[in-house]
Amino acid sequence: MDEFIFRAKNITMEFSGVKALDKVDFEIRSGEIRAVVGINGAGKSTLMKVFSGVYPAYGGDIYCNGRKVSLKSPAEAAKLGIRIVHQEADTAILPDFKVYENLLIDDLAVETGMFRYNRKKMRQKAAEVLSALGIVLDLDMYAKNLTLAQKQMLLIAKQIHKKCRLLILDEPTAALGKEETENLFRLVRRLSQTEHTSVIFISHRLAEALAICQSCTVMCAGRVTDEFAVDGSVDTKMIVAKMLGKDVACHTESARGREVLDTAPILLETEHLCDWKGRFDQISISVRKGEIVGLAGLVGAGKTEFCKTIFGVGKLSGGVIRIHGEQVLLKSPVDAVRHRIALVPEERRKEGIFPAKSITFHLCAASLSKFCQFFF
């Protein structure tokens, strides 16, 4: 593949008068894997959406191999070999289409105009693509029934199987387990080394960025504040300090603090909790007042389902839930909210918010009864 140099100069982007990007310069070359890091709101995803043609109203100039280009739509970006795997999986899949249809939907639009297509050949081609990438998915499953991790792998496969020159991965490992992340890294390294594809890797998991990337760009408040090569002298503490603009001191909890916590009353308790679909079995935990309890496990271990059950979503085949020592029956999220239980779900856009509603509505959504009268 020919040498590819992607360069952006003085990129600016505003939303209602607020600058999301302020004179950003960026460059990446063939085969380079570059991390882009920064705290939430630093402008990382906004910059990537400019590069992928999602935000056409940008200011500044973009060049591919020295030629000025205009990225006014995702289609124009795709023609230049620029492809993105978005952080929010549900914005990029067709929920009522099957896995193989989602995987090859771009091929259909170009080759057949979506009027007629050979399902048998499509399935065969999709199977070949997934097999070559080492991804295991049920070709005939509807996309809406996939887990978040499976949706993410589907989107990655959809973009990687194309001949792309610049691949943008926006938080690609957020929903992936260790084995899936390692498979993804193998794919990225192969693309970089054999196809000479440039890769932009956005992640809050800094250890992963150090493991896969050769260079790093740090963003803060819509600006690039630092750029450096990733070598043996770079560690996560150094990157965090660059992101925050100051050294970060590590503090550990004192033994005295633990003793106080051990005497705190038990707030929530589950005993031998069993899911009727068998996704988790005999789960017993207790959470004291003020305590932070972590749940760890591989993708598909049942963590998400367990948390949803405590929030009143799902059906139990056995076990009990106690709050302040009293057994409760949580048949729905309404019951959970009445007991002052809140859930931030894994798929926030799909299950946690109303995308078309205002911030004011969201802040009041769980307590609408305080603002309603009679049947309204």
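Student: What makes you call strand β8 (residues 198-202) mostly covered?
Tutor: In this predicted model, 5 of the 5 residues of β8 are buried. Buried means under 20% relative accessible area.

Student: Which residues of β8 lie on one side, and which on the other?
Tutor: S198, I200 and I202 share one side. V199 and F201 take the other. These residues are all buried, so both faces of β8 count as covered.

Student: How do you know that β3 and β8 pair?
Tutor: Pairing needs at least two bridges. β3 and β8 have 4 bridges, so they pair, and the sense is parallel.

Student: What makes β7 and β8 a pair?
Tutor: The cut-off is again at least two bridges. β7 and β8 are joined over 5 bridges, so they qualify, also in the parallel sense. F201 in β8 is the bridge partner of L169.

Student: In what order do the strands of the open sheet run?
Tutor: The order is β6-β7-β8-β3-β9-β10. That is 6 strands, with mixed pairing.

Student: Why are β6 (82-85) and β10 (223-229) called edge strands?
Tutor: Each of them pairs on one side only. Neighbouring strands in this sheet are turned by 20° against each other on average, direction ignored.

Student: In what sense do β9 (residues 215-220) and β10 pair, and over how many bridges?
Tutor: They are antiparallel, over 6 bridges. Within β10, R223 stands opposite C220.

Student: Which helix packs on the sheet and touches β6 and β7 (166-170)?
Tutor: Helix α6 (residues 148-160) does. Its direction makes about 175° with that of β6. Helix α9 (residues 236-244) lies across β3 (33-37), β9 and β10. α9 runs at about 160° to β10.

Student: Which residues touch the most other members of the largest nonpolar core?
Tutor: V37 and L103 do, in a core of 51 residues. Helix α6 gives the largest share of this core, 8 residues. Another core, of 29 residues, lies apart from it, and includes M13, F26, I62 and L71.

Student: What is L103 in contact with, leaving aside neighbours within four places in sequence?
Tutor: The list is A126, V129, L130, L154, A157, K158 and H161.

Student: And K158: buried or exposed?
Tutor: Its relative accessible area is 12%. The limit for buried is under 20%. K158 therefore counts as buried. K158 belongs to helix α6. Beyond its neighbours within four places in sequence, K158 contacts A92, N102, L103, I105 and D106.

Student: What makes helix α1 (residues 44-51) mostly covered?
Tutor: Of its 8 residues, 6 are buried. They are K44, T46, L47, M48, V50 and F51. G53 follows α1 and has a positive phi, near 85°.

Student: Why is the aromatic pair of F15 and Y55 called edge-to-face?
Tutor: Check the distance, then the angle. The centres are 5.3 Å apart, and the limit is within 6.5 Å. The planes make 70°, and edge-to-face needs over 60 degrees.

Student: What are F15 and Y55 counted as, by relative accessibility?
Tutor: F15 is at 35% and Y55 at 22%.

Student: What makes K357 count as sitting over the ring of F361?
Tutor: The charged end of K357 is 5.3 Å from the ring centre. The distance limit is within 6 Å, and the charge must also be within 35 degrees of the ring normal. K72 likewise lies over the face of Y58, 4.6 Å from the ring centre.

Key
Residues are numbered from 1 along each chain as its sequence is written. This is a predicted model: local features need pLDDT of at least 70, side-chain atom pairs count only at pLDDT 80 or more; totals for chains, interfaces and linings use all residues. Side-chain values use heavy atoms; hydrogens and water are left out. Helices (H or I, at least four residues) and strands (E, at least two) are DSSP runs, numbered from the N terminus. Axes are lines fitted to C-alpha atoms, for helices over the stretch in contact, and angles run from 0 to 180 degrees between N-to-C directions. Contact means heavy atoms within 4.5 Å. A nonpolar core is a set of buried Ala, Val, Leu, Ile, Met, Phe, Trp, Tyr and Cys residues joined through side-chain atoms within 4.5 Å. Buried means under 20% relative accessible area, exposed over 50%, partly exposed in between (1.4 Å probe, protein chains only). Rings of Phe, Tyr and Trp (its six-membered ring) pair if their centres lie within 6.5 Å; planes under 30 degrees apart count as stacked, over 60 as edge-to-face and the rest as tilted.
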